Amino acid sequence: MFGSKKLVRVEIENKGRRRILGYGLMTAAAIASVAALPGCSASKSGTTTTITLNVAEVVDYGNAILSFASTAINVSFVASAMGTANLALANTVIASLKSALAAFQSAAGSSTSVSYDSASVKAAFDSILADVEKVDTLIVSVIVGTAANLSSSVVSEAKTAAGAAETLIDLLKAMVDMSGPRLRAVSPVDPNAAIGQIAVFAASQG
């Protein structure tokens, strides 16, 4: 069902250098799914799979999630459902995500692709992942849960934006998840469409 498993040596490219990160079991399907993900590319030579992360796409996804979070916490039904304590925490997470994205861009410099095993890149990217996970828990889950009991154009827009944010969060996580992407989206993943949906939401609430 999942195809034959292969022991692969995972490498990340950075300015022409390659460094072995480790060994692990991956199915042929998992390798193919990683290669198909926006934000990263995979090339295979024998049992070795090399994955390269796209700086612009990491930044684009992160900034879209940042825009979603900053907009959502100012929507009345979302703020009410979150409560004062979680709103304060969300503001802290938003500030942290903004800083992590800036650190990632600084670490990348003028490079179009970067290595996850580079210390500065790893620290920044891990912080981005931690922050978007909190956005998922604090904001996305609240919108999805609350929207089930409400009906209005604002609620519908917020729910659509939350779904788009989920897609981008999953894509960011999948960039360094060698077990293969586990996306929540039922329809084919289109990160540009997700970014566009968040932009519409931000503009409508601006």
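Colleague: Does Lys122 count as exposed, partly exposed or buried?
Modeller: A residue is buried under 20% relative accessible area, exposed over 50% and partly exposed in between (1.4 Å probe, protein chains only). Lys122 has a relative accessibility of 35%, so the class of Lys122 is partly exposed.

Colleague: What kind of model is this?
Modeller: Residues are numbered from 1 along each chain as its sequence is written, and side-chain values use heavy atoms, without hydrogens and water. Local features need pLDDT of at least 70, side-chain atom pairs count only at pLDDT 80 or more, and totals for chains, interfaces and linings use all residues, for the model is predicted.

Colleague: Which residue forms a salt bridge with Lys122?
Modeller: A salt bridge is a side-chain nitrogen of Lys or Arg within 4 Å of a carboxyl oxygen of Asp or Glu. With the closest N and O atoms 2.8 Å apart, the partner of Lys122 is Asp126.

Colleague: What distance separates the end C-alpha atoms of helix α6?
Modeller: The expected span of a helix is 1.5 Å times one less than its number of residues. For the 15 residues of α6 (residues 191-205) this gives 21 Å, which agrees with the separation in the model, 21 Å.

Colleague: What arc do the buried residues of α6 cover around the axis?
Modeller: The buried residues of α6 are Pro191, Ala194, Ile198 and Phe201. They lie on the same side of α6 because their arc, taken from the directions from the helix axis to the C-beta atoms, is only 85 degrees.

Colleague: Which helices do the buried residues of α6 pack against?
Modeller: The face of α6 turned away from the buried side carries the exposed residues Asn192, Val200 and Ala203. The buried residues pack against α2 (55-72) and α5 (153-174).

Notes
Helix = DSSP H or I, 4+ residues; strand = E, 2+ residues; numbered from the N terminus. Contact = heavy atoms within 4.5 Å.
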